Amino acid sequence: MIMESKFKIIIMDVDGTLTNSQKIVTPKTKAALMKAQELGIKLILASGRPTSGLIGLGHELQMDKYHGLFVCYNGSKVVDCQTKEELFNQPLSIEEGKAVLEHMKKFDRVRPMIDKGEYMFVNNVYDNYINFNGAPFNVIEYESRGGNYKLCEIDDLAAFADFEINKILTTSDPEYLQEHYQEMMEPFKDSLSCMFTGPFYFEFTAQGIDKAKALDTVLKPMGYSQDEMIAFGDGHNDASMVKYAGTGVAMANAVQDLKDISQYITLSNDEDGIAEALYKYIPELKD
């Protein structure tokens, strides 16, 4: 059954948006999204996570059954959940990746992370804690578990990375990143996309890459218009897609910059904010 609502696409960031503080999709939000798919609406998860970090959620929401899409690595790759076909892929070149990783050696408190296959590669698997909100936080474990990666230690990531990389993720104490991010991005500010994706994450992707570009590249040829899209986010890296979609929604827990450009501010990710907004914009989901 295809519904009458103008909305045909629901786009969602994952961490801080779709999942709650315990990293789960709550029953109310899941029920709304399942009903949306039954009514002919396509789901898209648009995240900084790698593909491997989205597959479990895709299965949980049955996105493989309904031809949902994964926008991975903040927009550098798009994958069809059902066929696993790559619909878009724009990684860093080998030369660009090596240059970033070499430059990161100048910042002794910055920890770069890259992935290939089932592994996430870091310089030191035991140097894994940062200070966040006044407490130690095992960021290496958090990121590797979120991406379903095994960990591998590499002394010289720049020398090792003889392959294209979709995203170079760096982490440190939020205060250190705020103090040094401009110096970190200086050699690449005109040639790569360099951005905060969280208070303790600063990352590098190919030039022009963001979630909106990935969505536009894939969805326009499919015949979808921006007016048929509703997008949900909470972070700075969600701004492009929230502006791109005909209806952009910020979570109550979103950064203020995202709230400022959104048409609607819903409840937080711990209060079923996605479901609340969907019931507002697509009343048929309540039936």
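This note covers the pockets and the nonpolar core of a predicted model.

1. Basis. The model is predicted, so local features need pLDDT of at least 70 and side-chain atom pairs count only at pLDDT 80 or more, while totals for chains, interfaces and linings use all residues. Residues are numbered from 1 along each chain as its sequence is written, and side-chain values use heavy atoms, with hydrogens and water left out.

2. Largest pocket. The largest pocket holds about 950 Å³ of space. A pocket here is an open set of points on a 1 Å grid over the protein atoms alone, where a 1.4 Å probe fits, with protein on both sides within 12 Å along at least five of seven lines; lining residues have an atom within 4 Å of a point. Its volume is the space filled by probe spheres set on the points, which are joined across faces, edges and corners. The lining has 40 residues, and Asp15, Tyr142, Thr197, Gly198 and Tyr201 are the closest to the centre.

3. What lines it. Helix 4 (139–146), helix 6 (174–185), strand 12 (192–198) and strand 13 (201–206) each give two or more residues to the lining of the largest pocket. Helices (H or I, at least four residues) and strands (E, at least two) are DSSP runs, numbered from the N terminus. Helix 4 gives the largest share, four residues. By class, the lining of this pocket has 13 nonpolar, 17 polar and ten charged residues.

4. Where it lies. The largest pocket lies between domain 1 (9–90 + 209–285) and domain 2 (94–206), because both give residues to its lining. The domain bounds come from an automatic or database domain assignment.

5. Second largest pocket. This pocket has about 360 Å³ of space. Among its 19 lining residues, Thr51, Tyr73, Lys77, Glu86 and Asp115 lie nearest its centre. Strand 4 (77–80), strand 5 (86–89) and strand 6 (111–116) each give two or more residues to the lining. Domains 1 and 2 both contribute to the lining, so the second largest pocket lies between them.

6. Largest nonpolar core. A nonpolar core is a set of buried (under 20% relative accessible area, 1.4 Å probe, protein chains only) Ala, Val, Leu, Ile, Met, Phe, Trp, Tyr and Cys residues joined through side-chain atoms within 4.5 Å. The largest has 45 residues, and those touching the most other members are Ile10, Met12, Leu18, Leu33, Leu45, Phe232 and Leu278. Helix 10 gives the most to this core, with five residues.

Technical notes: Ala, Val, Leu, Ile, Met, Phe, Trp, Tyr, Cys and Pro count as nonpolar, Asp, Glu, Lys and Arg as charged, and the others, Gly among them, as polar. Buried means under 20% relative accessible area, exposed over 50%, partly exposed in between (1.4 Å probe, protein chains only).
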